[in-house]
Amino acid sequence: MTLTVMTLPENPAGIYRLDSLGPGVVAGFHSRIFDHSKRGEFLRSLGLRPENLVRVKQVHGSKVVVAENPDRAFLETAADGLVTRVPGLVLGIRTADCAPVFFWDPIRKAAGIAHGGWKGVKEGLLNQMLKTFEKRFKTRTTDLRIAIGPSIRRCHYEVGKEFLGFFPGFYFAQDALKGHLDLCGSIKSRLVKRGIPEGQIFDAGLCTVCENKKFFSYRVERQNPERMLSVISISEGR
Ligand SMILES: [Zn+2]
C-alpha cells in the first residue's frame, strides 16, 4: 500500500492522498500548511466539493451516523464516525493527535471515517463502525480496506498506569505510575480481530509530535484550535 504526498507548487508536501485504499474512492489529509481558512483549497485539490463536506460534533464516544447529504445539522450530532454510500459526499473528521481511521468497502462501494481517540476506541467505536457497515451496506469485513492517518504514537503518547487496564498489550510501562500507549497498534489489532486481513490495513505511520513541524498536535500546542481535516469520498461517475 502506498501513501502519495501531493506536492503543489505553492504548498509543498501539504496534501497527503491515501491511494492505498484503491480505485473508486478519494481519501486524504493535510499538513498544518492548511489552516481552517484554506480547507476549501485542500478539498478542491483532491477533486472534492467543499459544499459536500459533512462532519459531526466529535465527542469521543462510539456513535456512528449514516450520512446521505451534507446537512449542516450533522455538526450538532454527537458522533465520532460517519459512513455513506453516496458518491461525492465528503466525510470529514478533525484531529490533532487522535487517529483518523478511513474505511472503504470496494465491493459494496461504501466509505467511512472515524475519530479514533483513546476514549472512543475504548468504548467500541471501531466495532460500531464495522457493525454499521455490515448492517446498512451488507459489507463483509474481509473486504474492507482501512487506513490510519497521522496520530500521536507510542514514542510520545505518555499516559497513566490506568491505561494498562484499558489497552492490555498496548500499554508499555515506563515506571510504576506511567507508560506509553500504542493507540494505533490497538486500533489495528481490534480490526484484525474482527476479521480484516492485516494486509488490507495501511498505517501512514506518522507521529503528530515527532512531526509537529508538519502536523498539529494537541499535546504540544494546547492553545492552538487548528486541526487536520481527514476526508474520504466515493468517486462520482463510477
Ligand atoms: Zn512521536
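Colleague: Why is Lys 188 called partly exposed?

Modeller: This is a predicted model, and in it Lys 188 has a relative accessible area of 30%. Buried means under 20% and exposed over 50%. Lys 188 falls in between, so it counts as partly exposed.

Colleague: What makes Lys 188 and Asp 203 a salt bridge?

Modeller: Their closest N and O atoms are 3.2 Å apart. The cut-off is 4 Å, so the pair qualifies. Lys 188 sits in helix H5 and Asp 203 in strand S14 (residues 201-203), so the bridge ties together parts 15 residues apart in sequence.

Colleague: Is Asp 203 buried or exposed?

Modeller: Buried. Its relative accessibility is 19%, and the limit is under 20%. Salt bridges with shared partners also join Arg 153, Lys 188 and Asp 203 into one network.

Colleague: How do you know that Arg 49 and Glu 236 form a salt bridge?

Modeller: Their closest N and O atoms lie 2.7 Å apart, and the rule asks for within 4 Å. The two residues are 187 residues apart, in distant parts of the chain. Arg 49 is in the loop between helix H1 (39-45) and strand S4 (53-54). Glu 236 is in the segment after strand S15 (228-234).

Colleague: Why is Glu 236 called partly exposed?

Modeller: Its relative accessibility is 47%. Exposed requires over 50%, and buried under 20%, so Glu 236 is partly exposed.

How values were computed. Residues are numbered from 1 along each chain as its sequence is written. This is a predicted model: local features need pLDDT of at least 70, side-chain atom pairs count only at pLDDT 80 or more; totals for chains, interfaces and linings use all residues. Side-chain values use heavy atoms; hydrogens and water are left out. A salt bridge is a side-chain nitrogen of Lys or Arg within 4 Å of a carboxyl oxygen of Asp or Glu. Helices (H or I, at least four residues) and strands (E, at least two) are DSSP runs, numbered from the N terminus. Buried means under 20% relative accessible area, exposed over 50%, partly exposed in between (1.4 Å probe, protein chains only).
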